[in-house]
Amino acid sequence: MSKMYNVSASPHIRSGVTTSTIMRDVAIALMPACALGVYQFGLRALLILLVSTLTCAATEYIYLRLMKRQQGPYECSAIVTGMLIGMNMPPTVPLWIPVVGSVFAILVVKQVFGGLGQNFMNPALGARCFLFLCYAERMNTFQIPQKVGNAIINYGAASVDGISGATPLAALKAGETISLFDAFFGFTGGVIGETSAAMILLGAAYMVYRKVISLRIPLAYLLTFSVFVLLLGGHGFDFYFLACQLCTGGLMLGAFFMATDYVTSPITKGGQIVFGILLGILTGLFRFYGNNAEGVSYAIIIANLLVPLIEKMTMPRPFGKGGLK
Amino acid sequence: MGKGTFSGGVHPWDGKELSKDKPIVRLEPKSEMVFPMAQHIGAPANPVVAVGDAVLVGQCIGEAGGFVSANIISSVSGTVKAIEPRQTVSGAKVLSVVIDNDGEYKTVPGFGEKRDYKTLTPQEIRDIIKEAGIVGMGGAGFPTHVKLTPKNPNDIEYILVNAAECEPYLTSDYREMLEEPEKLVGGLRIALSLFPDAEGLICIENNKPAAVAVLNELIKNDKNIKIKVLKAKYPQGAERNLVYAATGRQFNSTMLPADVGCIVQNVDTICAIYRAVAENTPLVRRIVTVSGDSVKEPQNFNVPIGTSHAEVVEAAGGLVGEPKKIISGGPMMGVAMYTLDVPVQKTSSAILAFAEDEVEQYESSPCIRCGRCVGVCPSHLVPQKMEIAARLFDNEAFEKLSGMECYECGSCTYVCPAGRRLTQAFKQTRRAVLDARRKK
């Protein structure tokens, strides 16, 4: 026998989509929101994003080296986590906070439970909630220093516009009215990456176009939340209020980028709808009946914990089982 | 009526343009021919010739070893050189009759004589099909006379011609429909004559408009034959999905198409029925597509069964460079072979040669639970959970997840971004479960 050809089980072709290409697409989809954050909050925001991203990547690398775990082809998932953590930081936060958050996300939420694919909650959200609990004050400071010294370079357009303390969602909670235009395009206070619904939707559209996410979770989430707002939000059928609620806080970022996280959302199609509905209800409860204005992060991490149960309940019916005859 | 599609499936690059416009070329090789006695599902055939015997084209050399079995017919004339185990497509060694081909193609008396099927009784037709050694030529190789003898013949409402040809690169059925459509329609008419109340449905994917046009012209006077155009996607040609797409009826792994009133036959099989019944020509040849980026001139051949793969590839101009992978059948469900030195058998629809092996380029990495496998599974299973069960050798959990409903189409593995070898794990586990059941 001169030459033996390769033998392997079928199929012999692959689609070409890999974990790396998917994570790269998510990172690209996050760019518009990050870019607006940097425009809005200046170099300080860029620095925070870089610090959190690099910390995540470095933490993962060092952990895998120390544990002598096999390093496969690099899949960029830690970079996505790092970007999301950075996007969840107020622009005024001291730099060690994103560092602590990133290490927590990668080590405690992700690697300790087995690494990629094994974490039971979204690492970025786990870190965000951890930071909000531990450093509540620093994480809730949205006051931008105005027009002093290098403020414009450091804090971008926000320091010119004179964005005051409260985030638009907190203002809504306090019963004030806000500008929907500003909230939609992101000319408001808040954490770096969640102020602009428009930029997040742009990124989401890219992910849908690239078939990275399906719309089942975000649509079920946003629709359920809308119904909740109209029925139980305390403002009746006030669509301006509804639109403000949809565009503010972490809702858009959460619905399109965090709730759709593969690892921590149901794998079954029916489960994804149930998951979305659950998120809508929890977010409504937290926003309108809780102490905080914000409810998206807690809603998502609680729903993350229910994923195994949801999957069990929504296993698809195999083709032909109990069919005709 | 079916919606023409099913939920799930994938859209790989179909590669059909390499060979779809190449007319079928008839091969008459002069070299040694090998006829494995097991080319079908069921009991192997028993050799009925001895070493040194002279044989003719159309002569039975292996007799069916039971009801679910099929005759093996010689496709050449010559003398029997050996009866010994020989390597086959699957890699296993199978008892085979080896014939020293004299290259003259002398036939048995009556071979190729025209015959009017309308003068035959249904039982005579079934007997002719049985004698002719016809089996499902789409890949499974289920004996056709068994399929055409259902328990309750009156319940059969549809005879479906599986002309989906959803596997990438394959164009053998397509060429046959274009070049010999009258044989396809004729074969279907014969099959329908066995089931007077049934309707014939020729199921073609919508990427083959030329074939649809040709067949439409031929069937315009047949009230009981229709063409059902299906959406082009893989695995549209899988029996369960085809029946659902064409008729809206569902059945599972424990049932046969006949349980929902359907009989499904592949294009080449239907043409073989026509040749056997109307032209007194048993199953001795089939259409084979030779394609892939390592084949010099991809094209379609009419090959005598028993010809070595190497000889067919030679006829296509040979191989270019050093191919890494040779596949018998399509790239989704075909079998990789380490050598070309095995015979073409009744179920060999294609020989593909590729310069690169895509499988070796993708390392398996951890599952990220993206759900793509769930989305594409045509059997609506959850391959992600099945793989965990398979990896843990937990056959019970695998069965609970309806793992036995998997028919190994490979769609989940094709889309898996983590490069996990799902289908391979399922094949192993399914075999293990079937073995355990047999032992009970």
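The expected span of a helix is 1.5 Å times one less than its number of residues. Keep that in mind for the second stop; note also that this is a predicted model.

**Stop 1: chain A.** Select chain A and switch to cartoon. Its secondary structure comes to 16 helices and zero strands. Of its 325 residues, 56% are buried. Now think about contacts between residues at least 6 apart in sequence: in chain A, 74% of them join residues at least 24 apart.

**Stop 2: helix α14 of chain A.** Select residues 269–289 of chain A. This helix has 21 residues, and from its first C-alpha to its last it reaches 30 Å, close to the 30 Å expected. Which residues of α14(A) are buried? Colour Gly271(A), Gln272(A), Phe275(A), Gly276(A), Leu279(A), Gly280(A), Leu282(A), Thr283(A), Gly284(A), Arg287(A) and Phe288(A) to see them. As you look along the helix, recall that an α-helix has 3.6 residues a turn, so residues three or four places apart point the same way. Next, show what covers these buried residues: among the elements of chain A that do so are α8 (168–173), α11 (216–232), α12 (239–247) and α13 (251–258).

Stop 3: To find it, select Lys211(A), Val212(A), Arg372(B), Val376(B) and Val415(B), the closest to its centre of the 34 residues that line it. Elements giving two or more residues to the lining include α14 of chain A, from the previous stop, and α1 (19–41) of chain A, as well as α13 (411–415) of chain B. Which element gives the largest share of this lining? That is α10(B), with four residues. Colour the lining by class and you will get 16 nonpolar, eleven polar and seven charged residues.

**Stop 4: Leu340 of chain B.** Centre on Leu340(B), in the loop between β16 (335–337) and β17 (350–354) of chain B. Is Leu340(B) buried or exposed? Its relative accessibility is 10%, so Leu340(B) counts as buried. Beyond its neighbours within four places in sequence, Leu340(B) is in contact with Tyr5(A) from the other chain and with residues of chain B including His309(B), Val313(B), Leu319(B) and Ile351(B). Finally, draw a distance between the C-alpha atoms of Leu340(B) and Ile327(B): they are 13 residues apart along the chain and separated by 9.3 Å.

Methods: Residues are numbered from 1 along each chain as its sequence is written. Chains are lettered from A and ligands numbered from 1 in the order in which they are written. This is a predicted model: local features need pLDDT of at least 70, side-chain atom pairs count only at pLDDT 80 or more; totals for chains, interfaces and linings use all residues. Side-chain values use heavy atoms; hydrogens and water are left out. Buried means under 20% relative accessible area, exposed over 50%, partly exposed in between (1.4 Å probe, protein chains only). Contact means heavy atoms within 4.5 Å. On a 1 Å grid over the protein atoms alone, a cavity is a set of points where a 1.4 Å probe fits but cannot get out, and a pocket is an open set with protein on both sides within 12 Å along at least five of seven lines; lining residues have an atom within 4 Å of a point. Ala, Val, Leu, Ile, Met, Phe, Trp, Tyr, Cys and Pro count as nonpolar, Asp, Glu, Lys and Arg as charged, and the others, Gly among them, as polar.
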